[in-house]
Amino acid sequence: MAARRTAVLGSVLTLLSAPVLAACSGSSEDDVRAAAQAFLDDWAGGDAAAAADATTDPAAATALLEQTAADLPGAALSAELGAVTVEDGTATAAWTATWDLQAAPDWTYDGTLELREGEGDGAEAWQVVAEPALVHPELGEGQRLQLTRALPERAAVTDAAGQPLFAPTEVVNVGVDPGQVTDLPALVAGLSAATGIPAEDITADVQAAPPGQFVPVITLRRPDFEAIRAQVFDLPGAVFPTDTRLLAPSPRFASALLGRVGAATAEVIEETTTEEAGPAYAAGDQVGLSGLQRAFQEQLTGTPGFTVSVVSTDEATGDPGREVAAVAPVAGQPLQTPLVRPLQDAADAAVATEARATHLVVVRPGTGEVLAVASNEAAVPANALSGQYPPGSSMKTISATALLSTGTVAPDTPVACPGTTVVEGREFENQDQFDLGTVPFTEAFAQSCNTTFIQEGLELPDDALAAAAASYGVGTEWQLPVGVFSGSVPSDSTGTTKAANAIGQGQVLMSPAQMALVAAGIASGTPAAPVEVVGAEPAGPAPAGPGQAVLDQLRPMMRQVVLGGTATALADRGEVYGKTGTAEYGTNTPPDSHGWFVGYRLGGAQGDIAFAVLVEGGQSSSAAVAVTDAFLGAVG
C-alpha cells in the first residue's frame, strides 16, 4: 500500500513539475528577447553608450560600436529581431540589420547575437556578448568594416538631335595655400581684383583654414583663367590646381532651362561630399542645381552602388580585405531637350551684342518646343522664362486679335491715329506724339499707333482682351519642370486701366517665353503648350487659338511691320513677321522703357521659328530689333 502511495505521489510530482519547467523556459526566452531587443533599440537609436552597457564588456562594445559608426558614416540602422534560442545559461538571437547608407542603396544582412545569463532577475540578467560578430557575422577580432561607394556617371542631357549638351571640360581652381602666404592683404587684393570675389570673403576663408589646406576662391574654365593669369599667377600663396567638370558648351548656355552642373565665368563652384549629398548624389555633381538638372536629378544620376569589405584595423598590414557585400551602381537615364544647338548659339551671340540685360526665347510653331533660351551676362537668366514684364506694344498682337475677332475693325478699316488721346482725364500719346490722321488699321498697327488701339480697345467688351490672350495660352498654369510665367491679362478692367492694357501697359504682364508662344501660335494657327523635355507629358491643354479667319487678317499686318513699319531693319532677314514694343515702367520722369520684338520667320536654315526678344531698360524697341537682326543673321 505504501509502495502504491509512493508511486501515485511521484506521478503527481511529475505532473506538477512539468508546467513549472515549461514556464521557466518560456520566461527565459522572453527575457532573452527583451534583452536583445533593448540592445538593438539603443544601438539603432544612436545611444551607443546604453547599448554597450547591456553587453558583457561595455568598454570593448563601446569601441566596437564607435568604430562601426566611423566605418559607416552617417548611416542609420534599422534592426529586426528574429528567433531566440536559450540553452544552459546561454542564448542566441537572430536579427536582421538594414543600414540606410548615405549616397548608396540600403544594405541588409542577417546576423546573430550571443547572450549570456549573469546575476539578477529577468531581462537584466542577460547580456549581449561583446564580440565583433555582433556587428556582422564575418567580422572578427582586429577587423573593421570598409565601405566604398560606387557612383555611376551622370547621364547626358541632350539636345534635339540627341547629342550631349554637357561635356568634361578643363577648369582651373584658383585658391590659396595658407602656408605659402607672405603678404595676405596684397594676395587678397590681387585675387579680388582679378576675380571679383569680395576681399573680405577671401580673407575670412584663409584665416579660418589650417596650414596646408587648400582654400578655394573661384573655379574658371581654362580660357577664362588665361584671361586673368598675369594678374594672379605670381602672387605668393596663390595656387592653381586643375580639374575636370561636366560643363555646358558656354557659361550661360540655356542656363535658365538647363540649370548648371559646374563652373561658369566668375562663378564659384560649390562642391558637396557623398556624405552630405544623399542618395541622389553622383560623381561630378555640385550643390545649388537648378533648372532641368534639379528637376530630373534622380533620373540623371541613377542609383549609386557600394561594396563592404572586412579589413584589418591595422593599416600597416596591407590587408586588401574580404568583400562581404556589393551592389552595382545603375546608370541614370538621358534626358532629351528640344534645344537646337545652332539656334542656341545664335541666340547667345545675339544677346551678347547688347550691354543691357537681354533675353531671347525661341519656340517651334505648331509644337511649342523651346528651341533656345538665351540671356546675357547683365541679365538674370531665369527671367527669360519666369520674368514678369509689361509687354508694351508687342501686346498689340493680342489686342488686334481681340478687335478682329469681335469684328470691331478689319485690316482695311479707316481708323484715327491722333498724336494724343484723353481717357477720363488722363492723356495717352504716341511716341513723340506722331499723328497719322486717318489710316487703314493695318497701317496703324505697322506704325504702332497707341491712340488707335486705345480708342478702338475701349469699344471692346471688358473681357475681350483677356479672352483673346487666353486663345494663345496666356494665363494658363503650365505644368513644367522649369516654370514659365504664362502672363496676366485682367478681364474686368475699365477706364484708363482698360485703355492702358490695350497697349501692353496698365495691369498686363508677360514673360519673354510666353510672348514667343503667342508668336508661335500666330505663325502656325495651332497654338501649343510649351515643351521643355522631349516626350514629357503635356504642360497643359493646347490653347484654342483665335480661328483661321482672324489669323489670315493678322499675319499680313505683322508682315507689314517689317516691310514698312517699325521693324524695317529686319526686311532683309527672310520672311519675317512681327511686332515691336516699348513698355514703360518705374517711377522716373520721363519713365524708363523696356524694348521688345515679338515675331516669327518662315523658312530659313532651321525651318519656321517664333521668338521674343526683351531688352530690359532698352528705352525703345529699336534695341530689341537690333538683337533680333543679329540673331536672324547668325541663324542664316
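Ser620 sits in the loop that runs from strand E22 (609-615) to helix H20 (621-635); helices (H or I, at least four residues) and strands (E, at least two) are DSSP runs numbered from the N terminus. The model is predicted, so local features need pLDDT of at least 70 and side-chain atom pairs pLDDT 80 or more, while totals for chains, interfaces and linings use all residues. Residues are numbered from 1 along each chain as its sequence is written, and side-chain values use heavy atoms, with hydrogens and water left out.

Is Ser620 buried or exposed? Ser620 counts as buried because its relative accessibility is 18% (buried is under 20% relative accessible area, exposed over 50%, partly exposed in between, with a 1.4 Å probe and protein chains only). Its side chain makes a polar contact of 2.6 Å with the side chain of Ser622. A polar contact is a pair of N or O atoms within 3.5 Å; within protein, one must be able to donate a hydrogen and the other to accept it, and residues adjacent in sequence count only if both atoms are side-chain atoms. With residues up to four places away in sequence not counted, Ser620 touches Thr582 and Gly595 (contact means heavy atoms within 4.5 Å).

**From this loop to the helix**

Two packed helices are described by the angle between their axes and the distance between the axes. The axes of H11 and H20 come within 8 Å and cross at roughly 145°; axes are lines fitted to C-alpha atoms, for helices over the stretch in contact, and angles run from 0 to 180 degrees between N-to-C directions. The crossing of H11 and H20 is right-handed (the near helix is turned clockwise from the far one by less than a right angle; anticlockwise is left-handed). From H11, the contact takes in Leu343, Ala346, Ala347, Ala350 and Val351, which meet Val627, Ala630, Phe631, Ala634 and Val635 of H20. By class, this contact has 10 nonpolar residues, no polar and no charged ones. Here Ala, Val, Leu, Ile, Met, Phe, Trp, Tyr, Cys and Pro count as nonpolar, Asp, Glu, Lys and Arg as charged, and the others, Gly among them, as polar.

Thr337 lies in the loop between strand E13 (335-336) and helix H11 (341-351). At 0% relative accessibility, Thr337 is counted as buried. Its side chain reaches the backbone oxygen of Thr158 at 2.8 Å. Apart from neighbours within four places in sequence, Thr337 is in contact with several residues, including Val157, Asp159, Leu258, Glu532 and Val534.

**Two further helix pairs**

Helix H13 (residues 396-405) and helix H15 (residues 450-457) have axes that come within 11 Å and cross at roughly 40°. That angle makes H13 oblique to H15 (under 35 degrees is roughly parallel, over 145 roughly antiparallel, 65 to 115 roughly perpendicular and the rest oblique). The crossing of H13 and H15 is left-handed. On H13 the contact is made by Lys396, Ser399, Ala400 and Leu403, and on H15 by Asn450, Phe453, Glu456 and Gly457. These residues divide into 3 nonpolar, 3 polar and 2 charged.

Ser448 lies in the loop between helix H14 (441-446) and H15. Its phi is near 60°, a positive value in a residue other than glycine, and Ser448 is buried, with a relative accessible area of 11%.

For helix H18 (residues 512-524) and helix H19 (residues 548-564), the axes come within 9 Å and cross at roughly 115°. H18 passes H19 in a left-handed crossing. Gly521, Ile522, Ala523 and Ser524 of H18 meet Leu551, Leu554, Arg555 and Met558 of H19, a set made up of 5 nonpolar, 2 polar and 1 charged residues.

**Other residues**

Asp88 is in the loop between strand E1 (76-87) and strand E2 (90-100). Its phi is also positive in a residue other than glycine, near 50°, and at 73% relative accessibility Asp88 counts as exposed. Pro590, in the loop between strand E20 (575-585) and strand E21 (592-602), is joined to Thr589 by a cis peptide bond with omega about -5°. Leu247, in strand E10 (residues 242-247), is buried at a relative accessible area of 3%. From C-alpha to C-alpha, Leu247 and Thr169 are 6.1 Å apart in space, although 78 residues apart in sequence.
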